[in-house]
Structures are given as C-alpha cells and as structure tokens.
Amino acid sequence: MQSKTTSNKLFAAVIGFTALFAVVAQLSHNIAINKGGLSIAEQLLRFFTFFTILTNLLVGVCCTCVAAGISNFFSKPKVLNGAAIYITIVGLIYNVVLRSQFVLTGIDIFLNELLHVVVPLLFILYWLFFVPKNKLKWTDAFPLLWYPLIYLAVVLLRGANSGHYPYPFVDVKTIGYSNALLNSFFVTLAFLFISFLFIGIAKLLSKKNNE
C-alpha cells in the first residue's frame, strides 16, 4: 500500500510539473512574441480562453495537490475523473480535428506536443492506475457537461464583444452562429461519449478488482 501511495504521488508530481510548465512556458512565449501587438491584459484574456490551457491548468493543479498530499476539491476522485475526461477531449479534438490546420515551428512544436499529447496520455495512464473509480455512476456523465457548456457560453460572449474566438469551429465571424452552435453540439456529444466510455471502463476495472 505504501509503495502504491508513493508511486501515486510521484506520478502525479511528474504530470503536475509537466502540465504547469507547459502552460507557463506557452504563456511566456506568447507574451514574448506578442503577435498582433496586443496589450498584456488582452494577451492574458485570449490565452485563458483556450480550453486546452484551462484543462492543462486543471490537471496541473489536481496533480500538484495529490503529489503534495493536500486533501481538497482538486484531489477528490470525482474531480480527477472529470479532469481525465476533459484532457482526453483536449487530445482527441486537437489531434483529430485541429492538428492539420496549424503550421508550427520551433518551441511552439515542443509546447504544443506537451499540451495536446504528453499531458493527456500521462493523465489517462494516471487515471487508469491510480484514480478511485468504484463510485462512478452512468448519471455522472451529465454533470460533467457543466464545464464545457459554461466555457462555450463564455467564449461566445467574449467573442461577440472582442471578435476573438479561440477555435475555428466556434469562430462565429467566419462560420456564423448556426454552424458554431452545430459544431458545439457535436463536441458536446463527444464529451458525453467519452464520459460514458470512461465510466464503462471504470465499472469494468472495479468489477475485475472485486472478483
């Protein structure tokens, strides 16, 4: 038991450091190059409207709390389960839908892979081996939608005022509200599918462990 607890904290520490490093490094890089000559305030607002950034930050905070042995909201199993689903969506949407739309160079390639590949894969592995899953229910999939739905509402309101949309599939200026909302509907279905998939895997693992 002691060995598993130590492994849990060490693995969480590695993921927490990687996620937070990637977020801080990407922010520093964005501010340094300052594409578009934006103010610091506007750069920060745009940076933190990316679901990728917010979710990597969530994973980083959760893992840091676990590694430090801090018992709070971010170290609760339900929050860790939710974070695993959210970061999986980050990896899937970028690698399936968005990767071909961006041409990156230099350090952007490295940071991009950390945020969209390395952290998602590490946290999925962490979820499989260390996160308690025995209390997950099928109905838990629906409350998990609050985060992406609130995020969508904020992005659309912010975009209506600033003209900036973080992702092309919600860029109302280019594709219009009807297409942006339709795309968001399909993304919501993807969230539900991944949530049910994780809950199903959790139930199978819990059943196997109880046999």
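Predicted model: local features only at pLDDT ≥ 70, side-chain atom pairs only at ≥ 80, totals over all residues.
Colleague: Is Tyr-86 buried or exposed, and at what relative accessible area?

Modeller: The cut-off for buried is under 20%. Tyr-86 falls under it, so the residue is buried, with a relative accessible area of 4%.

Colleague: How are the rings of Tyr-86 and Tyr-147 arranged?

Modeller: A pair of aromatic rings is described by the distance of the centres and the angle of the planes. For Tyr-86 and Tyr-147 the centres are 4.7 Å apart and the planes stand at 70 degrees. Planes over 60 degrees apart count as edge-to-face. The pair is therefore edge-to-face.

Colleague: How many residues apart in sequence are the parts that the pair of Tyr-86 and Tyr-147 ties together?

Modeller: Tyr-86 belongs to helix 4 (residues 77-98), whereas Tyr-147 belongs to helix 6 (residues 146-162). Tyr-147 counts as buried, at 12% relative accessibility. The pair ties together parts whose separation in sequence is 61 residues.

Colleague: Which residues form one aromatic cluster with Tyr-86 and Tyr-147?

Modeller: The structure holds 19 aromatic pairs. Tyr-86 and Tyr-147 belong to one aromatic cluster, and its other members are Phe-51, Trp-146, Tyr-151 and Phe-191.

Colleague: Which residue lies over the face of Trp-127?

Modeller: A charge sits over a ring if, among other conditions, NZ of Lys or CZ of Arg is within 6 Å of the ring centre. Over the face of Trp-127, at 5.0 Å from the ring centre, lies Lys-133.

Colleague: Which residues of helix 5 make the contact with helix 3?

Modeller: The crossing of the two helices, helix 3 and helix 5, is left-handed. Helix 3 contributes Thr-52, Ile-53, Asn-56, Val-59, Cys-63 and Val-66. From helix 5 come Leu-114, Leu-115, His-116, Val-119, Phe-123 and Tyr-126.

Colleague: Which residues does Ser-184 touch, not counting residues up to four places away in sequence?

Modeller: Ser-184 is placed in helix 7 (residues 172-210). With a relative accessible area of 9%, Ser-184 is buried. Not counting residues up to four places away in sequence, Ser-184 touches Leu-152 and Val-170.

Note on methods. Residues numbered from 1 in each chain as written. Heavy atoms only, no water. Helix = DSSP H or I, 4+ residues; strand = E, 2+ residues; numbered from the N terminus. Buried < 20%, exposed > 50% of the residue type's maximum accessible area, 1.4 Å probe, protein only. Contact = heavy atoms within 4.5 Å. Phe/Tyr/Trp six-rings, centres within 6.5 Å; stacked < 30°, edge-to-face > 60°. Lys NZ or Arg CZ within 6 Å of the ring centre and 35° of its normal. Left-handed = near helix turned anticlockwise from the far one by under 90°.
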